[in-house]
Structure formats: C-alpha cells, structure tokens
Amino acid sequence: MNDKMDELLKEALAPMDEPSELLNHRVLRKGKESLNMKKKTKRKISAAAVAASCILALSGGTAIAAYRYLTPHDLAVEQEDKGLEKIFASENAIEINESQEIAGYRITLLGIASGDEVTKVVSTLVSGEEMKEIKDYSYTMIAIERADGTPIRDTEEFPSEGAGIPELDIGFFVQGVESVDFNVFHNGQSAMGLLKDGVEYQMIAMDNVEMFADRDIYLRVTTDTTDAVEHDIRYAYDYDTKTGKITRNPDYWGINALFRLPIDESKADPEAAKAYLAQMEEKEANDPDIEKREKKGAKAVKKWMKKITPDNLEKYATPIKSSKKTKKVDVDDIIRFYSIKMQYAEFEIQIPVTALFPDRKPGLAQKFIYYYDVCWENEEDDRILLFVCTLDKEDTVTYMLYQVKD
Amino acid sequence: MRQVEFESYIQEYGKDLYSFCCSLLRSRQEADDLYQDTFLTLLENGDRCTIEKNPKSFLMGIAVNLYRNQRRKLAIRFRITGGHLSTDEVEFDIPGKDATAEEQLIRKEQCALIRREVEKLPDRYRLPILLYYMEEQSIEQISEILKLPQGTIKSHLHRAKKILKKKLEENHYER
C-alpha cells in the first residue's frame with residue numbers, strides 16, 4: 001500500500017494555501033516595528049471615555065496629589081530591583097508628577113531617570129514573566145487610573161475570552177523629527193507593570209534619549225485601538241513642519257497623552273543623535289509604497305476629522321449598510337469588533353466604550369474612528385472610511401462604516 | 001535578524017507555513033494568527049545560526065509550539081464556556097493530474113477525503129503526517145520538531161496511514 005498511499009498523501013496534502021498579500025503585509029509591518037523597537041512597550045490597561053483635552057506643561061502640569069502614588073523608587077523597591085533603586089535614588093532621577101486627563105483616564109508621568117546601572121526589568125508584555133537585565137536606558141514611570149476614581153480591575157478577574165483592557169503604546173518623540181511618522185523613539189526595551197490599589201503603574205525602559213537633550217523630547221502614551229499602532233499615532237498627534245513641534249490632536253478618538261521631558265540640555269550628543277536619525281531615515285526610505293500612501297492618506301484624513309461631526313455626518317459621508325454589525329460591550333467596558341472587513345483591508349478595533357460615549361449616553365458616538373483604506377491595485381480608489389458606532393440602553397453597540405464623499 | 005532576511009523567509013517559506021497552519025486550524029482567522037505569530041516569534045527569538053541550519057524546520061518547530069500552547073489555552077477556555085471549536089471550512093483546490101476525467105474526479109474525491117480524515121486525526125498522528133507529507137520534513141527533523149524519539153514518529157506515521165487507508169476502504173476507495 002505504501003507507494004500508492006504515499007503518493008496520494010503527498011498529492012492530497014501538497015501545500016496549496018497561500019497567505020494573502022494583506023496578511024504578509026501585516027506580518028512585515030509588525031516585524032519591522034518589532035525590529036525597530038526590539039520589544040514594544042505594550043501593556044494592557046483598562047479604560048473609559050473620550051474628551052477632556054489637557055494642557056501640556058513642563059512643570060506643574062495639572063495639579064495632582066502625588067502622595068497617592070507610588071514613587072519610581074517605591075516601585076523599584078517593591079520589585080526588589082537594586083539597579084532601578086539606585087538609578088531612582090541618584091541625582092539623575094527627576095520627579096515630574098504631571099497628569100493629563102484624556103478619554104476618561106488620568107495618565108500621570110511620575111518620573112524619569114537615565115543610567116547605566118544594570119537593572120532587572122520584568123517584562124510582563126510578551127511572555128508573562130520574562131526577566132531581562134538591561135542598562136543605559138531612560139527609565140520612565142507612569143501611573144494610569146480611571147478619571148472617575150473607579151479602580152482598575154485586575155484582568156485575572158475576567159477569565160473569559162475577550163476580557164481585558166485596551167492596549168497602550170508608549171514611546172518618545174523628538175522635536176524636529178517627523179521620520180517614521182515622528183515616532184522616532186519607539187524603542188521600548190522592556191516594561192514592568194504593577195497594579196496596586198486600582199492604579200496601574202508602568203516602568204518603561206527605552207533607548208537613552210539624552211543625546212537629543214538640545215531639542216524638545218516628549219513622552220507619548222497612546223491607545224492602540226486598531227491592530228497597527230502607527231495608524232493611531234498618525235492620527236493622535238500633529239506635527240508642525242515649520243517648528244518641528246509635536247502636539248496632541250484634539251480630534252483623536254482615544255488616549256493621546258503627551259509630556260515634555262525636562263532633560264538636562266548639557267547631556268545632548270548631536271553626533272550620536274545624527275547617526276541615530278540617519279539610521280531611522282534609511283529604514284523609512286525602504287518603506288513599501290503602500291505605507292507611504294497610508295502616511296499621505298493620514299494627512300487628508302485629519303482634515304476630515306475636524307470637519308465631520310455627529311450632526312453633519314450624513315452630509316459628508318455615505319453609510320455602507322452591508323457593513324452593519326452589533327455587539328454587546330464587553331465585561332471590562334471595552335468595545336471590541338474583530339474582522340472588520342472593508343473593500344481592501346480587514347482590521348479590528350478595541351476601544352473603551354466611554355471613549356466614544358462620554359457618560360455612556362445612548363445614541364450616536366461623539367467621535368468616529370477613521371481608517372484610510374488603501375486599494376492595492378489602484379491608488380485612485382483609496383478611500384476614507386469612518387467607523388461609526390451607536391449605543392443603545394442595553395449596552396449594545398452597533399457599528400456601520402461610512403465612506404467619506406469625494 | 002535584518003529586515004531583508006525576515007522578508008526572504010516570508011517569501012521562501014510563507015506558502016508552506018501557511019498551508020501547515022490552515023491544516024492545523026480549521027478557521028482561517030486562527031490560521032492567519034498562527035502564521036503571523038510564527039514569523040514574529042522567529043524574528044524575536046530566532047538565533048541566526050540555528051535558523052540558517054534549517055530555516056524551514058525551525059519555523060515549523062515554532063508553529064508547532066505555538067499551536068500546542070494555543071490548544072492548551074483553548075482547552076481551558078472551552079471547559080469554562082462550554083463553547084465549540086470553530087468549524088469554518090477551508091476550501092481547497094485540487095491539483096490536476098494526467099488522467100481521464102473520471103479518474104481525475106475519483107482522485108479529487110480521494111484527496112478531499114484524505115484531507116477531511118487528516119483533520120480528524122488526533123494531533124499525535126496529524127502533526128507527523130502534515131510535517132512529513134505536506135512539509136517534506138525527514139523523520140529526524142520531525143523528531144526534533146515534535147521532541148519525540150524517531151521510533152515514535154515512525155510508529156505514529158505508520159498508524160496514521162493505516163487509519164487513513166481504512167477510511168478510504170470504508171468509502172470504497174481501494175489503495
């Protein structure tokens with residue numbers, strides 16, 4: 001039997017399935033991102049609401065009761081990390097304690113320190129308990145809590161599928177650098193997270209940014225609502241091509257905190273900075289055309305973000321009725337839609353319900369999520385789509401895609 | 001690993017890996033995820049020397065590990081929720097053969113039956129069958145990928161083939 005059976009098995013099981021171009025594109029993009037940053041500083045946090053824009057300020061910021069939080073030094077002690085303890089006890093450590101309230105969350109930048117003490121940072125991001133020894137990084141500590149005071153719940157309480165919290169992505173921006181969607185410093189090496197008394201603390205270790213100290217350096221904390229963080233970053237922040245300044249986009253649908261970091265200017269190293277940027281630019285030059293088009297498209301999208309409101313939606317956009325879907329809000333107050341199919345792409349969305357529906361008031365969402373839908377075959381067929389949600393009294397969300405009229 | 005190397009692995013082994021993922025997981029979405037996670041794990045953990053020795057085996061090993069981990073998690077989840085695994089069917093096209101129309105039709109039916117029956121095999125038989133016939137891995141390579149002795153692999157392959165042959169006979173296809 002063997003020869004014939006072997007032949008049949010080979011024939012029947014010959015590889016026939018090919019990954020779609022879109023899937024390969026997604027893998028390449030994620031791979032590229034991973035190569036750029038080595039390990040993303042992502043950690044899930046729970047969330048709520050859109051709205052309240054905040055004022056960016058170097059010192060003072062929004063007045064907060066810092067005593068309520070652990071200090072970076074406390075966190076290092078709590079985690080029994082002698083390296084971090086030493087770094088945050090040194091002269092290099094800067095306590096900041098600046099808060100921003102966005103989308104129902106309060107994000108507080110507690111402090112930053114750079115140093116070359118070898119330190120252990122527990123990465124809970126990728127494999128759960130991966131321990132790494134790292135050095136010569138900038139360590140930044142933030143606290144995240146619900147603005148309404150409701151404690152963030154431990155995700156362990158929700159064993160069912162889908163339970164959890166929206167993802168935050170953290171990185172640095174540098175004034176005057178628009179390269180890679182001005183997401184130059186996305187080089188989070190590792191992060192340590194701790195949920196204590198309903199507050200989520202994150203210690204993020206990233207490439208030392210001191211070389212850029214002669215420019216403004218920003219720390220950004222951004223929701224990763226779609227499956228590509230670049231998508232969110234493009235829309236969440238504005239880059240001024242004249243001054244090189246970076247600001248929050250008030251029309252963005254999720255969390256887009258931005259803190260300017262007070263780093264001693266004397267620590268700048270222009271040569272090292274130049275070399276670092278050259279490397280980034282080289283990578284960006286090799287971007288596939290489709291990514292370049294997505295970036296260009298994002299600029300067009302931003303204009304519509306300012307223009308379209310719940311009141312004039314029908315004037316500027318046409319509903320795609322076949323796209324309509326309904327889902328209950330998840331147990332952790334997140335709206336999650338998977339496999340949202342568009343004409344040319346497919347993506348998923350995760351966003352806190354209160355980001356779109358402040359006070360959970362039923363009706364049409366106050367903000368729309370935008371997507372620049374690239375047509376692989378023909379650039380002229382690229383289009384701008386809006387992800388429009390409505391909420392009913394039973395906490396059911398219905399979404400429908402709208403296409404912006406030409 | 002450099003970007004260009006990563007791309008070349010996707011180019012060279014993407015189809016083989018994707019077919020393997022589709023055979024392991026009946027839902028296309030799950031297969032897409034496994035495919036993506038396999039390449040990203042390669043990027044994250046792949047030691048260049050090990051990869052260069054046998055890239056395809058290395059990739060298959062990652063996919064098998066991820067698949068096994070996922071199965072473990074699913075088993076727990078389905079115990080909790082009482083749900084069922086996805087039964088989304090994946091459509092296949094059958095390669096043509098030099099034969100009469102009737103023979104081709106029979107062959108096509110046999111191939112379809114084989115694929116359906118392979119899907120139903122327990123993992124201990126299904127994984128070696130897919131790695132051997134679909135991915136053309138040697139017994140030695142499969143032994144490394146599955147971390148089982150070569151004798152066990154041979155035994156599982158033999159048993160799997162017997163099961164499949166029986167199924168063909170039950171359906172009146174003599175082999």
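Mentor: We'll take chain A, then a helix pair in chain B. This is a predicted model, where local features need pLDDT of at least 70, side-chain atom pairs count only at pLDDT 80 or more, and totals for chains, interfaces and linings use all residues. Residues are numbered from 1 along each chain as its sequence is written, chains are lettered from A and ligands numbered from 1 in written order, and side-chain values use heavy atoms, without hydrogens or water.

Trainee: How many helices and strands does chain A have?
Mentor: Chain A has 10 helices and 20 strands. Those are DSSP runs: H or I of at least four residues for helices, E of at least two for strands, numbered from the N terminus.

Trainee: Which strand pairs with strand 13 of chain A, and in what sense?
Mentor: Strand 10 (residues 217–223) does, in the antiparallel sense, over 5 bridges. Pairing takes at least two DSSP bridges. Thr222(A) stands opposite Asn256(A) of strand 13.

Trainee: Why is strand 13 of chain A called largely enclosed?
Mentor: Because 4 of its 5 residues (256–260) are buried. Buried means under 20% relative accessible area, with a 1.4 Å probe and protein chains only.

Trainee: New topic. How do helix 5 and helix 8 of chain B cross?
Mentor: Their axes come within 10 Å and cross at roughly 130°. Helix 5 and helix 8 of chain B are therefore oblique to each other.

Trainee: Which residues meet there?
Mentor: Among them, Leu113(B) and Ile114(B) in helix 5, and Leu164(B) and Leu168(B) in helix 8. Contact means heavy atoms within 4.5 Å.

Conventions
Buried means under 20% relative accessible area, exposed over 50%, partly exposed in between (1.4 Å probe, protein chains only). Axes are lines fitted to C-alpha atoms, for helices over the stretch in contact, and angles run from 0 to 180 degrees between N-to-C directions. Angles under 35 degrees count as roughly parallel, over 145 as roughly antiparallel, 65 to 115 as roughly perpendicular and the rest as oblique.
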